[in-house]
Amino acid sequence: MTLSSRYAERPELTDLNAGIESVWSSLSDRSGEYRVLPDGRCDIILRFQAGERPIREVTAVVTGPATGYYDVPIVSGMGFAGARLRPGSFFKILGLEPASLRDRNLVGDAALGACPELAAICLPAVSREELLNRLIGFVHRRNAQSNYRLPPRTREVLGAFHASSGRLRIGKLPECTTSPIALCGAL
């Protein structure tokens, strides 16, 4: 069941150069389950109770690339602030291999254990806007501090996969890149 929620994307906060494909927030107005559809993307999400002022309990969620849908239990008033990362940016920002989280999520202590620096953005906050700003600042800092550089041709191939909505056939890869080894190394 898809629940009613106030979902909004924030295009002015998107920064493709820093690996941020989309910034979004959502507020659930009822309890139940929310169906997440597979898009192969990885998100960093801050989950919180939106009715609290200040927001005291913030939980980090790191989503791996999903190949199938899954349902997330939610309660009325649950808020989310998220950053969807560009293909090839997950390792650079979080230091985690996306394949290790295929069809999995890290929630709370598991997310903090995998990337302890997330703890700094899970501190109490005055508003959802403050959480979004912290999240975007975190991604910008991690991007700037990382020495990892995805080869440009690999980024092009990953972009082609995304643009094709998963319809790009493996046999077409030689037409997309002159260096399949670089592609395999990045995935």
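Which element gives the largest share of the lining of the second largest pocket?

1. Basis. This is a predicted model, in which local features need pLDDT of at least 70 and side-chain atom pairs count only at pLDDT 80 or more, while totals for chains, interfaces and linings use all residues. Residues are numbered from 1 along each chain as its sequence is written, and side-chain values use heavy atoms, with hydrogens and water left out.

2. Architecture. The protein chain has six helices and eight strands, these being DSSP runs numbered from the N terminus (helices H or I, at least four residues; strands E, at least two). Read from the N terminus, the order is β-β-β-β-β-β-β-α-β-α-α-α-α-α. Of the contacts with a separation of 6 or more, 72% join residues 24 or more positions apart, where contact means heavy atoms within 4.5 Å.

3. Main core. The largest nonpolar core holds 34 residues, among which Ile 44, Leu 94, Leu 118 and Phe 138 touch the most other members; such a core is a set of buried Ala, Val, Leu, Ile, Met, Phe, Trp, Tyr and Cys residues joined through side-chain atoms within 4.5 Å. Helix H3 provides the largest share of this core, six residues. Setting aside residues up to four places away in sequence, Phe 138 touches Ile 44, Ile 93, Leu 94, Cys 115, Glu 117, Leu 118 and Ile 121. A second, separate core of six residues includes Trp 24, Ile 45, Val 61 and Met 78.

4. Arg 142 is found in helix H3 and counts as buried because its relative accessibility is 16%. Beyond its neighbours within four places in sequence, Arg 142 is in contact with Lys 92, Ile 93, Leu 94, Gly 95, Cys 115 and Glu 117.

5. Pocket. The second largest pocket has a volume of about 670 Å³, and of its 27 lining residues Trp 24, Tyr 34, Val 36, Ile 45 and Tyr 70 lie nearest its centre. On a 1 Å grid over the protein atoms alone, a pocket is an open set of points where a 1.4 Å probe fits, with protein on both sides within 12 Å along at least five of seven lines, and lining residues have an atom within 4 Å of a point. Strand E6 supplies the largest share of this lining, four residues.

Methods: Buried means under 20% relative accessible area, exposed over 50%, partly exposed in between (1.4 Å probe, protein chains only). Grid points are joined across faces, edges and corners, and a volume is the space filled by probe spheres set on the points.
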